[in-house]
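Please look through the structure shown below before reading the report. The report takes up one topic under each heading.

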Amino acid sequence: MKAMILKSAGGIENLAVEEIPVPVIGDHEVLVKVAAISVNPVDATLRRNDDFLRLVLHLQKGEVPVILGWDISGVVEATGRAVTRLRKGDEVFGMVNFTGHGKAYAEYVAAREDQLAIKPSQVTHPEAAAATLAALTAWQTLVHLSGVKAGDKVLIHSAAGGVGHYAVQIARQLGAYVIGTSSAANRDFVLGLGAHEHIDYAAQRFEDLVRDADLVVDSIRDILHLERSLEAVKTRGKLISLVTFPDERLSRKALMGRKFLYRMEVASDGEDMRAIAGLLEKGQLRSHISATYRFDQIPLAHQQLESGHTKGKLVITL
Ligand SMILES: NC(=O)c1ccc[n+]([C@@H]2O[C@H](COP(=O)([O-])OP(=O)(O)OC[C@H]3O[C@@H](n4cnc5c(N)ncnc54)[C@H](OP(=O)(O)O)[C@@H]3O)[C@@H](O)[C@H]2O)c1
């Protein structure tokens, strides 16, 4: 089968298509013939940074080949001996083995049965592949970590991005009052997702406009931005950071202001995948795909990810 191998950490030129054996599945795994893959900013971060790559992929010393990616949608080709729920021919999607070596940039992927959901029939493989890591992050942040409830005021940064565009839709489904930030160019897109209000981060200081949020979801790599987000949270409200690790000073500031400050880490979870499948099936959640690439164009998709201005999701089709 063909796989996109990362020869060593570095630039996009270190990604190369190679022929490698089809993975052997374990008892609890299924072999998925991949129809679509989605990419995420973390893929590009790992590609560049050897220490981070080894840490997140749980790589053993000298382990090859290294294959990035976790997000797939495809068809079950074979099932392990202990698999009970899935059958050959099922259309499935999910985030495989995060954190860990998901090896999703490939024609065939070995995936644990309990990390996959059945793809709703009216949702395409690209739409399903998109609604994996990014949608799970939004779901786990809003539902598990924050417990958002009807009437809560929720400020979502990067509302036009992969995570943000799912977070806006899910927060609306939960009955929240949603405010999203993006550039002016994405204003209509963010409002079209269901946000009640839009803030143009280049023209307005969000913390001057919002001081009483029950929840702020921050996905900007900047400790000063995180500190500004804390200003927007009300007493006993929550600030969830997807990227920046709060330092001691900021943690103390949150404590003194009686605000909760957490760093979120998404994790593979079949039950959450099935919840997302349910929203997709009912049309309550939609994937916005701004660009689709061929398998050999994955390096180009990485270049776009690194722009920091992707609208919705980028998908690879096989
Ligand atoms: N901790 C976790 O578990 C976890 C999980 C998933 C993702 N993440 C991280 O979360 C971040 C976001 O992920 P993603 O997939 O959503 O990324 P993404 O799709 O690349 O986000 C791009 C979006 O960010 C917006 N943006 C850029 N600067 C902004 C600013 N100052 N204020 C508001 N919006 C801004 C852009 O909007 P404009 O083009 O309009 O500027 C663009 O739509 C990444 O760093 C990712 O690694 C963490």
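## The ligand site

Which atom of the ligand is 2.4 Å from an N or O atom in the side chain of Tyr-201? An oxygen atom of the ligand lies at that distance. The distance comes from a predicted model.

The ligand is surrounded by 24 residues. The closest are Ser-183, Tyr-201, Leu-242, Met-264 and Thr-310. For Ser-183, a polar side-chain atom lies 2.5 Å from an oxygen atom of the ligand. Ser-158 takes part through its backbone instead: one of its backbone N or O atoms is 3.4 Å from a nitrogen atom of the ligand.

## The parallel sheet

Six strands make up an open sheet, and their order across it is S10-S9-S8-S11-S12-S13. The pairing is parallel. Strand S10 (197–200) and strand S13 (260–263) are the edges; each has a single partner strand, so one side of each has no neighbour in the sheet. On average, neighbouring strands are turned by 15 degrees against each other, with direction ignored.

Within this sheet, strand S8 (residues 153–156) pairs with strand S11 (residues 213–218) over three bridges, in the parallel sense. Leu-155 has Val-216 in S11 as its bridge partner. Helix H5 (residues 162–173) packs on the sheet and touches both S8 and strand S9 (177–182). The direction of H5 makes about 170 degrees with that of S8.

## Helices H1 and H2

Helix H1 (residues 41–48) packs against helix H2 (residues 50–57) at an angle of about 120 degrees, and their axes are 5 Å apart. The two helices are therefore oblique to each other.

On the H1 side, the contact involves Val-42, Thr-45, Leu-46 and Arg-48. These meet Asp-50, Phe-52, Leu-53, Val-56 and Leu-57 in H2. By class, the residues of this contact are six nonpolar, one polar and two charged.

## Helices H8 and H9

How are the axes of helix H8 (residues 223–232) and helix H9 (residues 248–256) placed, and at what angle do they cross? They come within 11 Å and cross at roughly 0 degrees. Angles under 35 degrees count as roughly parallel, and H8 is therefore roughly parallel to H9.

Ile-223, Leu-226, Glu-227, Leu-230 and Glu-231 are the residues of H8 in this contact. Their counterparts in H9 are Arg-249, Leu-250, Lys-253 and Ala-254. The contact has five nonpolar and four charged residues, with no polar ones.

Conventions: Residues are numbered from 1 along each chain as its sequence is written. This is a predicted model: local features need pLDDT of at least 70, side-chain atom pairs count only at pLDDT 80 or more; totals for chains, interfaces and linings use all residues. Side-chain values use heavy atoms; hydrogens and water are left out. Two strands pair if DSSP finds at least two bridges between them. Helices (H or I, at least four residues) and strands (E, at least two) are DSSP runs, numbered from the N terminus. Axes are lines fitted to C-alpha atoms, for helices over the stretch in contact, and angles run from 0 to 180 degrees between N-to-C directions. Contact means heavy atoms within 4.5 Å. Angles under 35 degrees count as roughly parallel, over 145 as roughly antiparallel, 65 to 115 as roughly perpendicular and the rest as oblique. Ala, Val, Leu, Ile, Met, Phe, Trp, Tyr, Cys and Pro count as nonpolar, Asp, Glu, Lys and Arg as charged, and the others, Gly among them, as polar. A residue is near a molecule or strand if one of its heavy atoms lies within 4 Å of it. A polar contact is a pair of N or O atoms within 3.5 Å; within protein, one must be able to donate a hydrogen and the other to accept it, and residues adjacent in sequence count only if both atoms are side-chain atoms.
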